[in-house]
Amino acid sequence: MRGKFSCNRFPDATRSASNNGNTIPLFVALFLHIRYHPTITMTDNKPQQQDESQLVAARRAKMGRWIDDYGVYPWGNREDNLSSLEDARAVFDQSAHDAFKENSENDARPRVKVAGRCVQHRAMGKLTFLVIRDDSGDLQISCSKSAMPIEQFKVASKLDYGDIVVAEGAMGMTNKGEICVWADSFGLACKSLAPPPEKFHGLSDAELRYRQRYVDMYTSDDTIKTFKTRSRIVSTIRSFMHDEGYVEVETPMMQPVAGGAAAKPFETHHNALGIPLFLRIAPELYLKRLLVGGMRKVFEINRNFRNEGVSRKHNPEFTMLESYQAFGDCETMLELTEEMIRSAANAVGDASSMQFGDHVIDYAKPFDRVGYGEVFEQAVGCSMHDEAAIRAKAKELGFGDADSKNHWLLVSDLFDGYAEPMLNPSRPTFVTDFPSAISPLTRPHENEETLSHRWELFVGDMEIANAYTELNDPDLQLQRFTEQMQGADDEVNAFRSLDDDFIHALRVGMPPAGGLGLGIDRLVMLLTGMESIRDVILFPLMRPQEQTDEADA
RNA sequence: GCCCUGUUAGCUCAGUUGGCAGAGCAGCUGACUCUUAAUCAGCGGGUCGCAGGUUCGAGUCCUGCACAGGGCACCA
């Protein structure tokens with residue numbers, strides 16, 4: 001099979017016939033040919049092609065020459081039996097290489113066929129070295145003029161950065177000890193017409209990296225690594241949940257009532273039904289209905305949408321794991337969470353020491369635990385139950401609404417502003433026993449109704465997870481929702497309406513349960529050492545760029 | 001929404017007190033059979049983010065706008 005792919009001008013007839021039932025007629029070939037020479041065909045036509053960057057024009061011109069002079073088809077074809085660059089490197093055989101060095105008649109070196117994008121290119125007359133890259137790594141391709149057809153060598157020696165190639169040959173080594181493919185067959189698989197970034201620094205402009213992630217991915221090797229790690233984390237969590245007996249489900253992302261959290265939703269509209277819909281801010285109320293229906297353990301890993309600003313820790317769409325276990329409680333979910341994070345950390349590194357910013361975080365040791373009220377008192381200097389002291393403190397700290405705002409909302413503000421930052425970022429910490437007043441979906445303590453069976457997990461200055469013993473008393477739940485709606489200001493309230501059907505479901509009867517929400521993006525940040533959420537989301541939200549050629553009416 | 005910083009060649013970046021727009025990489029032409037960000041010789045490449053203003057003169061100073069990064073606010 002060696003040397004099978006190649007320099008054919010166009011795909012052969014059988015191949016294209018199998019694709020679409022047509023062979024490629026001459027006029028199509030001519031059409032393609034014309035398109036390859038915009039600078040020639042449009043010389044006297046000023047428009048777009050003329051001001052196309054010289055670099056793009058140079059690439060088009062080179063492609064045109066290859067087509068004319070060497071019969072190259074610049075868009076490639078199916079290739080079977082390709083090795084990943086990592087696998088190809090692994091089959092290198094030192095003894096076969098040594099034997100070949102001693103006597104070139106004796107060539108037992110393994111052969112490989114590989115493909116990748118050119119990221120380095122060094123042509124030295126009759127010898128050309130280039131480095132190609134795929135998602136498994138880099139590999140040098142060495143091309144000797146004497147080892148392959150002359151047209152193939154000419155393409156190799158004039159190759160542009162960014163071109164995608166297929167090469168076939170023996171896995172060997174250079175005199176300088178670089179493991180490489182000594183190609184005896186070399187072909188273009190896709191011409192890259194866009195000028196690439198600087199080959200040493202790559203794309204360092206953050207905006208370009210996010211807007212043109214496809215360039216960032218092949219330019220900076222950390223990018224693909226990060227997203228492969230993300231994939232491994234998610235699949236580890238998924239199989240962990242499956243092993244624990246949880247059933248994975250998908251619930252609506254478009255909801256008539258956006259419930260389960262207090263965030264502002266995105267609004268959309270269903271044309272045929274003529275109804276407004278909201279993108280979900282949480283799947284919670286649907287997942288709990290499944291417990292009502294009889295599922296004992298469920299989870300969903302998917303997107304939530306919250307109409308808020310962006311920051312290093314926030315993207316308007318983000319991925320959450322939510323899970324519910326019938327006959328569990330918040331303690332059940334705490335144990336589950338700790339074990340799950342530990343196994344995810346171990347799947348991608350050493351759980352006992354994961355670097356995140358300036359911190360080395362140990363997920364192997366039991367996580368810390370501290371009561372909400374306890375942290376609060378340490379940070380603020382008074383009990384969270386002491387309303388007068390809270391109001392005084394809030395006033396002292398310059399809160400404008402210190403007199404009017406609900407006591408527990410003040411407590412929550414003070415906690416977020418002063419207590420949360422006191423938590424040790426390098427210690428995963430469960431903050432337990434949140435105030436009931438700010439936990440409307442949570443069961444209160446039996447003997448202390450101001451506290452609830454709820455915890456949040458903080459790591460690296462971020463809230464990672466949130467769990468409760470679920471409130472399943474329908475009358476109390478209805479009361480909480482009602483209070484919540486009355487308490488909200490007009491802006492927030494505009495999006496809130498009571499989910500009557502959820503209350504009905506609770507009346508049908510939901511078993512006692514523990515529930516958990518875990519931010520996947522933030523967990524991935526922690527486990528990959530990325531301090532911006534945009535670096536763990538493939539296509540983070542960006543404002544569209546202004547149109548340059550604006551035709552205003 | 002607010003504050004700070006940034007925006008100069010395809011990319012990475014310099015640009016002095018306001019006085020002719022610079023480098024490296026990439027590109028083009030040539031040399032080179034063991035390179036490693038190859039090297040050497042030569043050549044081309046600019047709406048200095050956009051729009052105004054001050055000035056004899058603006059990449060540089062001022063105002064507004066756009067986008068980005070960081071911070072704040074929002075996010076129970």
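**Entry 1: backbone contacts to the RNA**

I began with Asp205, where a backbone N or O atom lies 3.0 Å from a phosphate oxygen of RNA strand B; I took a polar contact as a pair of N or O atoms within 3.5 Å, and within protein one must be able to donate a hydrogen and the other to accept it, with residues adjacent in sequence counting only if both atoms are side-chain atoms. I then looked up which elements give two or more residues to the surface near RNA strand B, and found helix H5 (54-70), S1, S2, strand S3 (137-144) and helix H9 (206-211). Helices (H or I, at least four residues) and strands (E, at least two) are DSSP runs, numbered from the N terminus.

A note to myself: this is a predicted model, in which local features need pLDDT of at least 70 and side-chain atom pairs count only at pLDDT 80 or more, while totals for chains, interfaces and linings use all residues. Residues are numbered from 1 along each chain as its sequence is written, chains are lettered from A and ligands numbered from 1 in the order in which they are written, and side-chain values use heavy atoms, with hydrogens and water left out.

Back to the backbone: a polar backbone atom of Lys126 is 3.1 Å from a phosphate oxygen of RNA strand B. For Gly202, a polar backbone atom is 3.3 Å from a sugar or linking oxygen of the RNA.

How many residues surround RNA strand B? I found 53, the closest being Arg122, Lys176, Lys199, Gln484 and Arg543 (near means that a heavy atom of the residue lies within 4 Å). Sugar and phosphate make up 59% of the RNA atoms that come within 4 Å of the protein.

**Entry 2: strand S1 and its partners**

S1 (residues 111-124) runs antiparallel to strand S4 (residues 164-173), with 7 bridges; strands pair if DSSP finds at least two bridges between them. Arg117 has Ile164 as its bridge partner in S4. S1 is also joined to S2 (residues 127-134) by 7 bridges, again antiparallel, and Met124 stands opposite Leu127. In this hairpin, with 2 residues between the strands, Gly125 takes a positive phi near 70°.

**Entry 3: the open sheet**

I traced an open sheet of 8 strands with mixed pairing, in the order S6-S10-S11-S18-S17-S16-S15-S14. S6 (247-248) and S14 (368-371) are at the edges with a single partner strand each, so one side of each lacks a neighbour in the sheet. Within the sheet, 5 bridges join S17 (residues 462-469) to S18 (residues 513-519), which run antiparallel.
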